Amino acid sequence: MNIAAPALSAAASGQADRLALLTALERKALWLSTWTIHHANHIRPNRDGLKVGGHQASCASAVTLLTALYFHAMREGDRIAVKPHAAPVFHAIQYLLGRQKKEALENFRALGGAQSYPSRTKDKTPVDFSTGSVGLGVGVTLFASLVQDYVRLHGLVPEDAPTGRMIALMGDAELDEGNVFEALLEGWKHDARNLWWVIDYNRQSLDGVINDHLFQKIQAFFGTVGWKVVTLKYGQRLKAAFAAPGGALLERWIDDCPNDLYSALTFQGGAVWRQRLTADLGHDPGIKSLLAAHDDDALHALMTNLAGHDMAAITAAFDAAGEDDTPHCFVAYTVKGFNLPLAGHKDNHAGLLNPAQVATYRASLGIADGQEWDRFAGLDMPAEKLQAFLSRRPASPPMREASQPIAMPALAVPMAAEMSTQEGFGKIMHEVARAGGPFAERVVTTSPDVTVSTNLGGWVNQTGLFSRIEHGDVFREHRLPSAQKWVRSARGQHIELGIAENNLFLQLAALGLSEPLFGARLLPVGTLYDPFIARGLDALNYACYQDARFMVVATPSGLTLAPEGGAHQSINTPLIGMGQPGLTSFEPAYVDELQAIMEWGFDHMQRPDGGAVYLRLSTRPVDQPKRTLDDALRADILAGAYWLRPPADGGELAVIASGAILPEAIGALARIGEFTPRAGLLVVTSAGRLHADWLANGRRSHIARLLAPLARDGALVSVLDGHPLTLSWLAGVRGQRIAPLGVQKFGQSGDLTDLYAAYGLDADAIVAAARKALAEGR
Ligand SMILES: Cc1ncc(C[n+]2csc(CCOP(=O)(O)OP(=O)(O)O)c2C)c(N)n1
Ligand SMILES: [Mg+2]
């Protein structure tokens with residue numbers, strides 16, 4: 001006893017010291033985030049009359065949790081996705097750590113300044129995961145944890161590299177997004193580890209107060225999928241009050257208090273708390289003396305003493321998770337707008353303190369006028385001590401410099417006289433797997449339950465499924481014939497997902513950030529059905545927004561799917577491909593084009609100024625040209641278009657075709673040649689690349705050069721199995737007439753002959769369009 005006592009008290013005083021430091025930093029982070037938003041809205045000159053915005057209340061509810069994460073719990077290798085509306089707290093914390101400049105805060109939400117929502121690509125300080133579209137930043141941490149396991153188990157990172165926790169500090173309303181639950185289920189299937197989701201449970205969303213008892217559903221759901229749920233409800237002071245006379249009554253009263261009433265009382269403050277508690281519980285002598293012992297301010301502080309603002313409770317809970325790699329969900333009760341005059345008001349989401357309120361708040365913190373950006377002003381602790389503490393915090397691992405690109409071998413493909421681009425894709429992937437080597441080792445594939453039907457079966461047979469837990473192929477062991485070998489092991493290179501396209505794109509986002517997140521470059525390829533890009537579109541956009549690098553191969557596509565019908569026939573995906581920043585789209589017609597495009601794509605994915613790649617493929621078997629691509633043709637294919645049948649000089653007409661519809665265009669050209677012998681046939685392999693190059697280079701663009709041999713008053717007929725707008729802009733290149741053919745209405749079941757005729761894509765339609773276009777020019 002005598003020996004242990006001094007040691008204990010030293011530990012206790014060390015802990016008190018640390019808590020004092022953390023609480024001081026928390027106060028500063030709340031001030032800086034509030035001030036950053038205030039400065040942007042009220043002090044920086046406003047040139048356009050638009051509200052600048054920022055979310056002081058959302059920041060306030062998360063500030064204790066984020067302080068505890070960044071200044072206490074976080075260790076080397078950890079990565080954090082910060083809920084979008086707490087970006088100013090994130091910026092403030094980086095500023096305190098010396099990793100964010102004052103100018104960035106002064107320019108919050110201005111061009112070049114700190115971003116409204118944390119952004120990997122736009123913020124100047126390292127951001128682990130961009131956030132903005134609620135739910136996605138949460139989900140991506142789960143897929144990042146799978147990627148961390150993947151690179152570790154494949155030996156792509158040093159053995160002693162720290163295994164980090166993938167952490168999401170999330171808003172409670174993010175749980176309304178279905179993608180969060182899709183991710184949870186997938187994580188359960190894959191035995192995801194090293195995940196922390198910390199829920200800022202302020203019981204408010206944007207429009208108001210959320211349902212009572214949501215926490216019960218959270219506990220049940222997370223428990224079902226194997227997570228540990230840690231509820232952080234009441235702070236130390238409230239807990240002490242619960243233990244005092246009348247405390248049990250008080251606890252039951254708060255437990256039963258509806259969310260909206262609690263919020264309203266929180267907003268109204270101590271006097272109203274007193275009235276209400278007197279009315280409801282004043283008969284109890286214990287409550288009477290509690291009320292007598294607290295003035296209004298103290299009563300307000302007591303009644304809002306939730307664990308999500310109690311540094312000791314939070315840090316203890318984080319510490320208790322220790323080395324346990326089981327996914328943890330912390331439900332931390334908080335007050336939206338905590339410690340600010342906005343606290344608890346149901347309309348506070350976009351609320352801003354007015355200048356008088358900010359001045360009062362500043363003065364209450366002991367920050368002098370003019371010291372607003374000072375990192376330590378007003379804190380009851382020596383600046384040197386704070387600085388020394390901050391300098392010891394582990395940096396989140398630096399965004400790694402791009403390593404050497406993985407050398408690209410020429411891709412091989414066994415050609416057949418007739419093939420679809422989808423079949424070609426499958427064969428190329430199969431050959432990559434068979435060849436093996438440093439390139440193949442970095443390729444990782446994933447698909448939401450359409451692995452076989454998108455032709456990845458051959459690749460998977462060679463490389464196996466990735467799984468942390470080994471699992472044989474039961475069908476094989478029972479000698480049951482099957483074309484698919486589904487062996488699961490830590491060496492597998494295919495991540496099989498359930499049917500959820502959001503998960504596919506979040507998985508691709510995480511795989512495509514493997515290098516900056518974990519220091520190991522991967523070359524991810526994901527497959528899905530083209531129409532279901534729409535299902536995962538926001539996650540695709542999110543992946544591109546973060547500059548994740550991957551190849552998404554969408555197949556089958558368009559009406560060409562024929563008997564399968566309108567529900568599966570994509571129409572506007574070519575426009576998505578053109579319109580999505582960070583994504584270069586291609587729609588090859590022939591397999592040799594695809595081969596060249598994939599070689600380019602794997603290289604593009606690795607370039608500092610590169611990006612993700614989208615291939616729109618088809619299941620239609622097409623006669624393959626007998627040719628070898630020379631350098632010029634290859635360059636044209638990659639630039640987005642080439643003449644399959646060049647026009648004669650001064651030709652009056654060009655048919656311009658993209659993708660699976662090419663045989664119809666070839667057939668039409670033979671007939672068009674009978675009345676317009678100098679016509680040509682241009683194949684477009686990438687409307688997106690052509691268009692971007694045209695915007696950048698105008699008359700010197702690739703498409704302008706290609707169209708140059710045509711007569712200036714010549715006509716164009718464009719055709720693709722997709723929305724005609726994809727190619728109709730070609731009229732603008734040289735100011736020519738165009739008849740754009742394509743699909744504008746929902747498709748339906750049928751065979752190709754009937755469907756192409758019904759939707760005006762067959763040779764007859766192309767010939768008729770050519771005649772009309774020529775006639776209009778005369
Ligand atoms: C996908 C998406 N839909 C809508 C929004 C607009 N929005 C921004 S914040 C928000 C409510 C967030 O509530 P919560 O997650 O609880 O955050 P907090 O209460 O901590 O501010 C909404 C609907 C968004 N950012 N993303
Ligand atoms: Mg909320």
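Trainee: How are the donor residues of the magnesium ion (ligand 2) spaced in sequence?
Mentor: This is a predicted model, and the site is read from its atoms. The donor residues of the magnesium ion (ligand 2) follow the spacing D-x29-N-x1-Q.

Trainee: Which protein donors does the magnesium ion (ligand 2) have, and at what distance do they lie?
Mentor: Asp172 contributes OD, Asn202 contributes OD1 and Gln204 contributes O. These protein donors lie from the magnesium ion (ligand 2) at 1.9 to 2.2 Å.

Trainee: How many residues apart in sequence are the parts that Asp172 and Asn202 tie together?
Mentor: Asp172 sits in the loop between β2 (166-171) and α6 (178-189). Asn202 belongs to the loop between β3 (195-201) and α7 (214-224), so the pair ties together parts whose separation in sequence is 30 residues.

Trainee: Are Asp172 and Asn202 buried or exposed?
Mentor: The cut-off for buried is under 20% relative accessible area. Both Asp172 and Asn202 are classed as buried.

Trainee: Turning to salt bridges, how many does the structure hold?
Mentor: One of them joins Arg521 and Glu515. For the structure, the number of salt bridges is 33.

Trainee: What is the relative accessible area of Glu515, the salt-bridge partner of Arg521?
Mentor: The closest N and O atoms of Arg521 and Glu515 are 2.7 Å apart. Arg521 counts as buried because its relative accessibility is 7%. Glu515 is also buried, and its relative accessible area is 11%.

Trainee: Which helix holds Glu664, and how far apart in sequence are the parts that it and Arg620 tie together?
Mentor: The side chains of Arg620 and Glu664 form a salt bridge, 2.7 Å from N to O. Arg620 lies in the loop between β14 (612-616) and β15 (622-623), whereas Glu664 is in α27 (residues 662-675), so the pair ties together parts 44 residues apart in sequence. Arg620 is buried at 13% relative accessibility, and Glu664 is buried at 13%. The helix is α27, and the separation is 44 residues.

Trainee: Where do Glu652 and Arg678 lie in the chain?
Mentor: Their side chains meet in a salt bridge of 2.7 Å, N to O. Glu652 is partly exposed at 28% relative accessibility, and Arg678 is partly exposed at 35%. The pair links distant parts of the chain, 26 residues apart: Glu652 in strand β17 (residues 651-658), and Arg678 in the loop between α27 and β18 (680-684).

Key. Residues are numbered from 1 along each chain as its sequence is written. Chains are lettered from A and ligands numbered from 1 in the order in which they are written. This is a predicted model: local features need pLDDT of at least 70, side-chain atom pairs count only at pLDDT 80 or more; totals for chains, interfaces and linings use all residues. Side-chain values use heavy atoms; hydrogens and water are left out. Donors are N, O and S atoms within 2.8 Å of the metal (3.2 Å for Na, K and Ca); water is not among the atoms, so sites may look incomplete. Helices (H or I, at least four residues) and strands (E, at least two) are DSSP runs, numbered from the N terminus. Buried means under 20% relative accessible area, exposed over 50%, partly exposed in between (1.4 Å probe, protein chains only). A salt bridge is a side-chain nitrogen of Lys or Arg within 4 Å of a carboxyl oxygen of Asp or Glu.
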